[in-house]
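Let's take a friendly walk through a protein together.

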Amino acid sequence: MTPLPTTRHELGLLWRARPAMAGLLLAGQGLARLPGPAIRSVPGIGWVTGDPVVAREVLKDHRSFTMVGEGGVGDLWAQILGEWVRDLFDGPGHHDLRTRARDLFTERSAAELVAEAWGPVLSDVGTRLSAGEPVDIAHTARVLVGRMMIELLGIPAPAGPGPDADTSPGTAPAWPDDNGALAAFRTGERLAKLALGTATSTTLSPTAIAEAKLITDELTAGVPEAFRTAPPTRLLGRARELGLGLEETTGLAGLLMVAGTETSASAMMRTTALLVDTGEQHRLLAALAAGAAGTGPAGADTSSSATTPPGTDPWEPVVREGLRVTSPASVIGRGVSRDVEIGGARLRAGDRIMLLVWSANAAAGPFRADREYVRETRQLWFGAGRHLCLGAALARAEISALLRVLWPADGAVPLRVVRRRAARRVIVPGYEELVVARS
Ligand code: HEM
C-alpha cells in the first residue's frame, strides 16, 4: 500500500477546504511518480503539473506564461481594481515595482516588525501555556495576522476611543485590538473566498466584482492617509520613500492583504499541529535541549542521517518543513500567452495551466523537523521567478515567532492537541479551531 503523503489531519484539512481540489492535489502527487509527460491535460481545468522542476520552469518563463491572463490571480485583481493592475502585476510596471520594493521585507526588518506588532500577544500566549491553560492556535494565528495587516495597511480604528478608553500615558495602545484584528482578517478572508469556484475560469460574476470592490475599498481606506503621513519605518511610509505612487501603493497593499494573511495563518497553525501529530516535536525538543546544553543540536539524535548540523538554528528546518508540507498556496495558476513546448507537452496561447504546488512539495516525504534543504522543490511554496513571494522573509519570521513561543528554548515541554476543527469551504486550508496545551 502506498504510504500517505502527509498526516491524515492534513489530508482532512485539504478535503474540508475544497474536496475537488484535494482530489486534484492527491492525483497530481500520484501522477508525478508515474512515467509519462510531466504536464497533463485535465478536462475542465486545463493543463496541470505536480512536477517541481517543470512548475519552476513555468514560473520563470514569463514570456510564455502570465499571471494576468485567464487562469492567473492577476486576472481576478484586474477585474476588481481596474485594468492598470495588468501592468503593475505583470508588465513593465511590475518590474519597476519589484525593483523598488526589493528591500521592503528583509530578514531583519521582518523580525523587528513581528516583535513590535506581536510582542504582547505572543507573550500572553506563552504565559497562558506555562500556566497550564489551553490556547486556540487557530484563533491566535488569525488575530496575529490581522494585527499585522492593520499595521502594514495603516487600517484606522473603527471610531474614536470610547468614553471608557484609558488613554493615560503608559497604558497599552487601544488599537489594534484583538476584535479589530479578527475583523480585518475575516474581511480579507471574505475577499479571498470570492475566488472559490475560479478553478475552471478566473472570470468573476458582476456581483462578485461589486462585492470585492466594496471589500478592498474597506480594507484600503486607511492607505491614502497612512501613505501621506506614515514614518519611513512603517511599510506605507517606506513605500512612499521608495518612490511608489499612491495607486501603486494601494495595489501593493491589496496584494499584501490577500497574499499574506490566510497563507501565513494557515502555515502557523498547521506547522504547530504537524509538530505534535508527527511526534517531530520530540526531535525538536532534543535539539533545543542540546543547544541549551551547549552540545549543539547534532548531539540530539545520532541515529538520523539528516540531523541538524552543529551550530545550525534548529528552527530553520522546522519552519522550512512547515512551509513545504503545508504549502498554503497549494496551487498557482497561469495563462499561456504564446505557444510553447514544456514538460513533454505542447501548450497553445490562450490555454491555462495549474501548478500543483502542494503535490510537488509533498513528494519529498513526510514532515521531519530536521530535513535538509530539498534541491528539487527549493522554496516552491513561495513560487519562483519574477513573482516569487515578496513577503517570504516576513512569513518565515511570523511562523518562527509563534513556534518559538509554543516551544520556548528554556523549558519547552511537549504539547498536545486538545481539540481541533477544520475550516470548511476556504481557499487556503486551515483550522477553524486548534486548541493545544502542555502535555
Ligand atoms: C506562508 C505564507 C505565504 C505563502 C505560502 C506565500 C506564497 C506566495 C506565492 C506562492 C506567491 C506567488 C504567486 C504567483 O506566482 O502567482 C506569492 C506572491 C506574493 N506574496 Fe506571498 N506568501 C506568503 C506570505 C506572504 C506575506 C506575509 C506577504 C506580505 C505581507 C506576501 C506577499 C506577497 C506578494 C506581494 C506577492 C506577489 C509578488 C509578485 O507578484 O511580484 N506573502 N506568495
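Keep in mind that the model is predicted.

## Around the ligand

To find Cys389 in the chain, look in the loop between helix H17 (357-362) and helix H18 (392-406).

Now widen the view to the whole ligand. It is surrounded by 25 residues, and the closest are His94, Arg98, Arg334, His387 and Cys389.

What kinds of residues make up the shell around the ligand? By class, there are 15 nonpolar, 7 polar and 3 charged residues. Several elements supply at least two residues each to this shell: helix H6 (92-101), helix H13 (246-260), helix H14 (262-277), strand S5 and helix H18.

## The five-stranded sheet

Strand S5 also belongs to a sheet. This open sheet has 5 strands in the order S1-S2-S8-S5-S3, and the pairing is mixed. At its edges are strand S1 (39-42) and strand S3 (65-66), each of which pairs on one side only.

Strands S1 and S2 run antiparallel and are joined by 4 bridges, with Val42 standing opposite Gly46 in S2. These two strands form a hairpin with 3 residues between them. In the turn, Gly44 has a positive phi of about 85°.

How do S2 and S8 run, parallel or antiparallel? They run parallel, joined by 3 bridges. Here you can look for Thr49, which stands opposite Leu355 in S8.

Phe65 stands opposite Val336 in S5.

Helix H3 (residues 52-60) packs on this sheet and touches S1, strand S2 (46-49), S3, S5 and S8. The direction of H3 makes about 130° with that of S8. Another helix to look for is H2 (residues 19-33), which lies across S1, S5 and strand S8 (352-356). Helix H2 runs at about 75° to S8.

## The three-stranded sheet

There is also an open sheet of 3 strands, in the order S4-S10-S9, and its pairing is antiparallel. Its edge strands are strand S4 (135-136) and strand S9 (415-422), each pairing on one side only. How many bridges join S9 to strand S10 (residues 431-438)? There are 7 bridges between these antiparallel strands. In this pair, Ala422 stands opposite Tyr431 in S10.

## Two backbone details

One more general point sets up the last stop: most residues other than glycine have a negative phi, and most peptide bonds are trans.

With that in mind, look at the peptide bond from Trp175 to Pro176. This bond is cis, with omega near 0°. Pro176 sits in the loop between helix H8 (137-153) and helix H9 (178-193).

Then turn to Ser327. Although Ser327 is not a glycine, its phi is positive, at about 35°. You will find Ser327 in the loop between helix H16 (315-326) and S5. That brings the walk back to strand S5, which supplies at least two residues of the shell around the ligand.

Key
Residues numbered from 1 in each chain as written. Predicted model: local features only at pLDDT ≥ 70, side-chain atom pairs only at ≥ 80, totals over all residues. Heavy atoms only, no water. Pairing = 2+ DSSP bridges. Contact = heavy atoms within 4.5 Å. Axes fitted to C-alpha atoms, helices over the stretch in contact; angles between N-to-C directions. Near = heavy atom within 4 Å. Nonpolar A, V, L, I, M, F, W, Y, C, P; charged D, E, K, R; others polar.
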